[in-house]
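Please keep the sequence and the structure at hand while reading.

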Amino acid sequence: METPKTFGEYVMMARKQQGISAKKLAKRLGKHPTTLGRVESGFIVVPTPDYFMDLVDALNLDIITAVNLLEPYRRICDSILNAAQKGRRNDETTKKSGLQ
């Protein structure tokens, strides 16, 4: 198998290598085929933890490879979350002080 650049690419490559259609895999996982397509295309870059593990288990993916493909996005998400929490704290401070 080629080296995938994204988690979605890894999922698609493994699925195709195993001869499983997207529709069949989605049905097996209890998801809509569009959701799987969004993961594979990169529209959904970081799936929910449960969906991530369902895909890893269903396709017998190497967990270390799968997690490493998400790592750059985790850092971005952490930065966004931290910024949002700081903003939320500022909003709460503003509300408590009556400066709204």
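## A buried arginine and its surroundings

R15 lies in helix α1, and the model in which it is described here is a predicted one. Because its relative accessibility is 7%, below the 20% limit, R15 counts as buried. Leaving out residues up to four places away in sequence, R15 touches I20, S21, A22, L25, L36, E40 and L59. R15 is one of the buried residues of α1, a list that also holds F7, G8, Y10, V11, M13 and A14. Just after α1, the chain passes through G19, which takes a positive phi of about 70°.

When neighbours within four places in sequence are set aside, L25 is in contact with R15, I20, L36, L55, A58 and L59.

## How α1 meets α3

Two packed helices are described by the angle between their axes and the distance between the axes. For helix α1 (residues 7-17) and helix α3 (residues 33-41), the angle is about 115° and the axes are 6 Å apart. On the α1 side the contact is made by F7, G8, E9, V11, M12 and R15, and on the α3 side by L36, V39 and E40.

In soluble globular proteins, nonpolar side chains tend to be buried together. Here, the largest nonpolar core has 19 residues, and those that touch the most other members are F7, V11, L25, L36, L55, L59 and L61. At least two residues of this core come from each of α1, α2 (22-29), α3, α4 (49-59) and α5 (63-97), while α4 gives the most, with 5 residues.

## Helix α4 and the residue after it

In α4, the buried residues are Y51, F52, L55, V56 and L59. They lie on the same side of α4, because the arc that they cover around the axis is only 140°. The face turned away from this buried side carries the exposed residues P49, D50 and D57.

Just after α4 comes N60, with a positive phi of about 55°. Most residues other than glycine have a negative phi, and most peptide bonds are trans. N60 is a residue other than glycine, and it is found in the loop between α4 and α5. Because its relative accessibility is 69%, over the 50% limit, N60 counts as exposed.

The two residues whose accessibility was given as a percentage are set out below.

| Residue | Relative accessibility | Class |
|---|---|---|
| R15 | 7% | buried |
| N60 | 69% | exposed |

## The protein as a whole

The secondary structure comes to 5 helices and 0 strands, and along the sequence the protein follows the pattern α-α-α-α-α. Of its 100 residues, 25% count as buried. The accessible surface comes to about 7000 Å², and 54% of that surface belongs to carbon and sulfur atoms. Among contacts between residues at least 6 apart in sequence, 53% join residues at least 24 apart.

Key
Residues are numbered from 1 along each chain as its sequence is written. This is a predicted model: local features need pLDDT of at least 70, side-chain atom pairs count only at pLDDT 80 or more; totals for chains, interfaces and linings use all residues. Side-chain values use heavy atoms; hydrogens and water are left out. Axes are lines fitted to C-alpha atoms, for helices over the stretch in contact, and angles run from 0 to 180 degrees between N-to-C directions. Helices (H or I, at least four residues) and strands (E, at least two) are DSSP runs, numbered from the N terminus. Contact means heavy atoms within 4.5 Å. Buried means under 20% relative accessible area, exposed over 50%, partly exposed in between (1.4 Å probe, protein chains only). A nonpolar core is a set of buried Ala, Val, Leu, Ile, Met, Phe, Trp, Tyr and Cys residues joined through side-chain atoms within 4.5 Å. Accessible areas come from the Shrake-Rupley method with a 1.4 Å probe; for residues, only the protein chains shown count as cover. The arc is that of the directions from the helix axis to the C-beta atoms.
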